[in-house]
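Reader: I have not looked at this one before. Can you walk me through it?
Author: Go ahead and ask.

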Amino acid sequence: MTNNTAPHPMQASLTARPAWKALDAHSQAMRQVHLRQLFAEDPRRGERLAVEAAGFYLDYSKNRITDETIRLLLQLAQECGLRERIDAMFSGQKINVTEQRAVLHTALRAAKDERVMVDGVDVVPEVHAVLDRMAAFCRQVRSGHWTGHTGKRIRHVVNIGIGGSDLGPAMACQALRHYSQRNLDFRFVSNVDGTDFAEAVHDLAPEETLFIICSKTFTTLETLTNARTARAWCLAKLGDEKAVRRHFVAVSTNAAEVSKFGIDTANMFGFWDWVGGRYSMESAIGLSTMLAIGPEQFREMLSGFHAMDRHFRSTPFERNLPVLMGLLTVWYTNFFDANTVAVLPYEQYLARFPAYLQQLAMESNGKHVTLDGAPVDYQTSPIYWGEPGTNGQHSFYQLIHQGTRLVPCDFIGFVQPLNPLEHHHDQLIANLLAQTEALAFGKTEQEVRADGTPDRLAPHRVFEGNRPTNTLLGERLTPQSLGSLVALYEHSVFTQGVIWNIDSFDQWGVELGKALAQRTIPELESAQEPQLAHDSSTNTLIRRYRLLRRRD
């Protein structure tokens, strides 16, 4: 099979498509329709507008949509070539057009007997070879056979990375803490702010600590700064340079730099250019996750990813969870001027999941030009944010319920608790269900007055309702269900990017600030007064910083 660059739809503008124009007209009518009316007219709506796959049940009935809305959204997906783009991604075509790369995070969870070709090479054997090497290493550490330089077993694992090399494994380790080996402690350092490292190692013993340095090129500024600090911290206690080989491993492809750092390249775990950082948590970047939960449960997580991959690739769009969720995001972003999506997991272990989704969604789809480089004339990625329930109910839910902004919400819950303390879980899920009901139907002024509310307070206690929500319900949070959940959002984000005709797999927007920082660092550190050529604001801030630093 030849893996040339994938064709992409050529268009003057998305807004010129027939389905887009029809949706625009349809949305004007839908602004006047309330969910109370939609449910009253269709007693079976809550049963009809629901789909199930890969361990998750999606109720999307509490959205401001009709069957006509879905029909038009599916027509838009067809006009935008979503089916062809899905096939192009899974077949290894170079759909990351600005970097001329395939996009094959799905190959990271492919079964051993599958074939995934990139430039004429089946990459599945390579993927499983790395997984096997990771598994062998993790079994050594988890069993205590891998010891530190002084012979003590490893009790603390510190992952040093940034972006996808941090957010994915940090989220997964917290999400799956219930399944982790509890005599191992996991910490994550990403920020170049020295406080992040200092607090992470404050109570650790170097002789019992293993560092995982995650950097594909082994040149990332923040990661290498923290890695060098970790090396110095370790050697300050252990003294011997040979100790680095027992206390540091690398996730990288740059063997020369890894070896120069002092890490044995036998303990270097690689990945590939066709794996984007924010899509890499199931690659070697997930080494800390595998150390936490073990190789067997890590493979269960991969099977969850794979189950959602199969569903996304083969299921008709009208019953396809990622497609429906992606199209609904387009509906609210482009036709209701919704600027954000709130992700609200009613599961404490998923506390970091919204932060993980921020990178996945906004780094992928925060783009201002199409695949052809033309400026877009429509909104692209919304802002993703959220906190676990029920905490958010006592924080920002006020705005979601009664504020002037429309905030579509994804509620995520599980039927079976991992920590079944009396009454807790039923109360938790009762709150989830109550919030989606309250957001959908609200409370009218007539109902408020019927409760005996005084006239002067009645307007304050009215809930407009008609606030859209999705509800995702799984049986239990497991490694497998976490994999399915992450893949669901990956493919939802991809669906959105296809509709917007943008490259969801590059991230040029992170480059300019990094380049300017490299220029500014020596200007801050120089012993001599530097010649500054920035704008007047930046020049003044640099001078002020240097002046105040000299007073230390």
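Reader: Start with the six-strand sheet: in what order do the strands run?
Author: This is a predicted model. In it, the order is S1-S2-S13-S12-S10-S11, and the sheet is open with mixed pairing.

Reader: Which strands are at the edges?
Author: Strand S1 (50–53) and strand S11 (383–385), each of which pairs on one side only. From one strand to the next, the twist averages 15°.

Reader: How do S1 and S2 run, parallel or antiparallel?
Author: Antiparallel, with four bridges joining S1 to strand S2, residues 56–59. Glutamate 52, for one, has tyrosine 57 in S2 as its bridge partner.

Reader: Which strands does H19 lie across?
Author: Helix H19 lies across S2, strand S10 (340–345), S11, strand S12 (409–414) and strand S13 (469–474). Relative to S12, H19 runs at about 165°.

Reader: On to the largest nonpolar core. How many residues are in it, and which touch the most other members?
Author: The core holds 130 residues, and those touching the most other members are Trp274, Leu291, Phe353, Leu472, Leu482 and Tyr489. H19, spanning residues 479–500, supplies the largest share of this core, with eleven residues.

Reader: Why would residues like that gather inside?
Author: In soluble globular proteins, nonpolar side chains tend to be buried together.

Reader: What does phenylalanine 353 contact, sequence neighbours within four places aside?
Author: Phenylalanine 353 is in contact with Met171, Val343, Ile412, Leu485, Val486 and Tyr489. Another core, of 24 residues, lies apart from the largest one and includes Ala200, Leu204, Phe218 and Leu235.

Reader: Now the five-strand sheet. What is the order there?
Author: S6-S5-S7-S8-S9, in an open sheet with parallel pairing. Strand S6 (185–189) and strand S9 (268–269) each have a single partner strand, so one side of each is left without a neighbour in the sheet.

Reader: How many bridges join S8 to S9, and how many pair S7 with S8?
Author: Two bridges join strand S8 (residues 248–251) to S9, and S7 and S8 pair over four. Across from phenylalanine 211 is phenylalanine 248 in S8, while alanine 250 stands opposite methionine 268 in S9.

Reader: Which helix lies across S6?
Author: Helix H7 (residues 164–175), running at about 155° to S6. H7 also lies across strand S5 (156–160) and strand S7 (209–214).

Reader: Change of topic: is threonine 329 buried or exposed?
Author: Threonine 329 has 10% relative accessibility, and buried means under 20%, so this residue counts as buried. Threonine 329 lies in helix H14, residues 321–335. Its contacts, sequence neighbours within four places aside, are Val341, Pro382, Tyr384 and Gln496.

Reader: Last one, H20. Where is the kink?
Author: At arginine 519, shortly before proline 522, and the kink is about 30°.

Reader: What span should H20 have, and how far apart are its ends?
Author: H20 has 15 residues (511–525), so at 1.5 Å a residue it should span 21 Å. The end C-alpha atoms are 22 Å apart, which agrees.

How values were computed. Residues numbered from 1 in each chain as written. Predicted model: local features only at pLDDT ≥ 70, side-chain atom pairs only at ≥ 80, totals over all residues. Heavy atoms only, no water. Core = buried A, V, L, I, M, F, W, Y, C linked by side-chain atoms within 4.5 Å. Buried < 20%, exposed > 50% of the residue type's maximum accessible area, 1.4 Å probe, protein only. Contact = heavy atoms within 4.5 Å. Expected span 1.5 Å × (residues − 1). Bend = angle between axes of the 7 residues up to and from the residue. Pairing = 2+ DSSP bridges. Axes fitted to C-alpha atoms, helices over the stretch in contact; angles between N-to-C directions.
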